Amino acid sequence: DDIRMIEQWYRMNKASNLEEWQNAMRMMAIPMFNAGYADKEGNIFYVYNAGFPVRNESYNWELVLDGDSSETLWTTYIDFKDLPMVLNPKSGFIQNCNSSPFKTTIGDDNPQSKDFSKTFGIETGMTNRALRALENLGEDDLITYEELKKYKYDLEYSKESSMYQFVLKTIEILNNPTFQEKITNNKIEMSTIKKALSIFNDWDLSTNKENVNATLPIIAYSRILNESPDNINEENIIDRLCSAIQYLMLHHNKIDVRWGDINRLMRSDKNIELEGGPDISRAIYSKRMKNGQLKGTAGDCYILFAKWDKNGKVTSESIHQFGSNTQNKNSSHYNDQAILFSQNKLKKTSIYLDEILLNFKNIQILK
């Protein structure tokens, strides 16, 4: 309800250096969204942006508390300077993938959980995207521009991810005669159970479009990737596995379906195969369709890469999953970027007027 939110967005957008951008953030009129900053001077900055109330440390704020005492009433929030943040770490990179701020980068420059009150409720969990960012960026001492793009389009689940834990649990279940019987009670044949076991054993955790082992696990567990595997019991896994098997058998008469045939970008007359998947760096979240395909509904959308030369001139590339005129079905730009998007490709962009005019069509000069 803070009308200053509009002013803060404006000041963040107009900031020409780190100090001005941080001053805009100090308004704290947008108490949400982790934020990252980079500039031509080589500065990089991450802040776990939130409005943290100053709470009574005597209470466990993870529980439901009585509201009839002033002891549980808060009236102030911590200052911007006291938020978890990382400035110019020695590692040379920051990542922000909806995960714990305590693993923003590698090395000793991360915020330490011990320095922040437990009453803040700061999460310690890691998404697969964050894990893969740390694995890729953290293991490469000298990252080129092209390598950075490759890491953005990474297609794998980490062996530290929830997905991998679900895979291991599923293999145990599919090897267990008691659970096999429960699966057959869902009208799934033993031969299909054996095929499913082979799929889970053989999956390399990649989501490339040619992968025939990615489809079953992703359809089964995509909706619980934010859950701790410790909180998902065998019955839940069996239910989700059986549902995925039945969906694939109904529409494809097999469960080892090529991932690109299932994972789709649908827009007007276009129905295009995609790589990537839920909680993948190449993020694609989908819903099941009646034709047996998955329609991408969230994840990667507008993507932009920017770099500065030694003179401070910026060059950039971008892509949108649809186009630049998403509200007008009659426009040629309604879905004209979809194919490039599906191919993990980008188009050149510019902030310089002379370069823009070179590629501008149907120029109209307003007098």
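A search of the whole structure finds one cavity of 30 Å³ or more; on a 1 Å grid over the protein atoms alone, a cavity is a set of points where a 1.4 Å probe fits but cannot get out. The model is predicted: local features need pLDDT of at least 70, side-chain atom pairs count only at pLDDT 80 or more, and totals for chains, interfaces and linings use all residues. Residues are numbered from 1 along each chain as its sequence is written, and side-chain values use heavy atoms, without hydrogens and water.

**Largest cavity**
- The volume of the largest cavity is about 30 Å³, taken as the space filled by probe spheres set on grid points joined across faces, edges and corners.
- Residues with an atom within 4 Å of a point count as lining; among them are Asn 34, Tyr 46, Cys 97 and Pro 101.

**Nonpolar cores**
- The largest nonpolar core has 40 residues, and Ile 183, Leu 216 and Tyr 221 have the most contacts inside it.
- Such a core is a set of buried Ala, Val, Leu, Ile, Met, Phe, Trp, Tyr and Cys residues joined through side-chain atoms within 4.5 Å, where buried means under 20% relative accessible area (1.4 Å probe, protein chains only).
- Its largest share, eight residues, comes from α9, helices being DSSP runs of H or I with at least four residues, numbered from the N terminus.
- Tyr 221 touches Met 163, Phe 166, Thr 170, Phe 200, Ile 237, Arg 240 and Leu 241, leaving aside residues up to four places away in sequence; contact means heavy atoms within 4.5 Å.
- A second, separate core of 22 residues includes Ile 30, Tyr 48, Ile 78 and Ile 122.

Technical notes. 1 Å grid on protein atoms, 1.4 Å probe; cavity = no way out; pocket = protein on both sides within 12 Å on 5 of 7 lines; lining within 4 Å. Buried < 20%, exposed > 50% of the residue type's maximum accessible area, 1.4 Å probe, protein only. Helix = DSSP H or I, 4+ residues; strand = E, 2+ residues; numbered from the N terminus.
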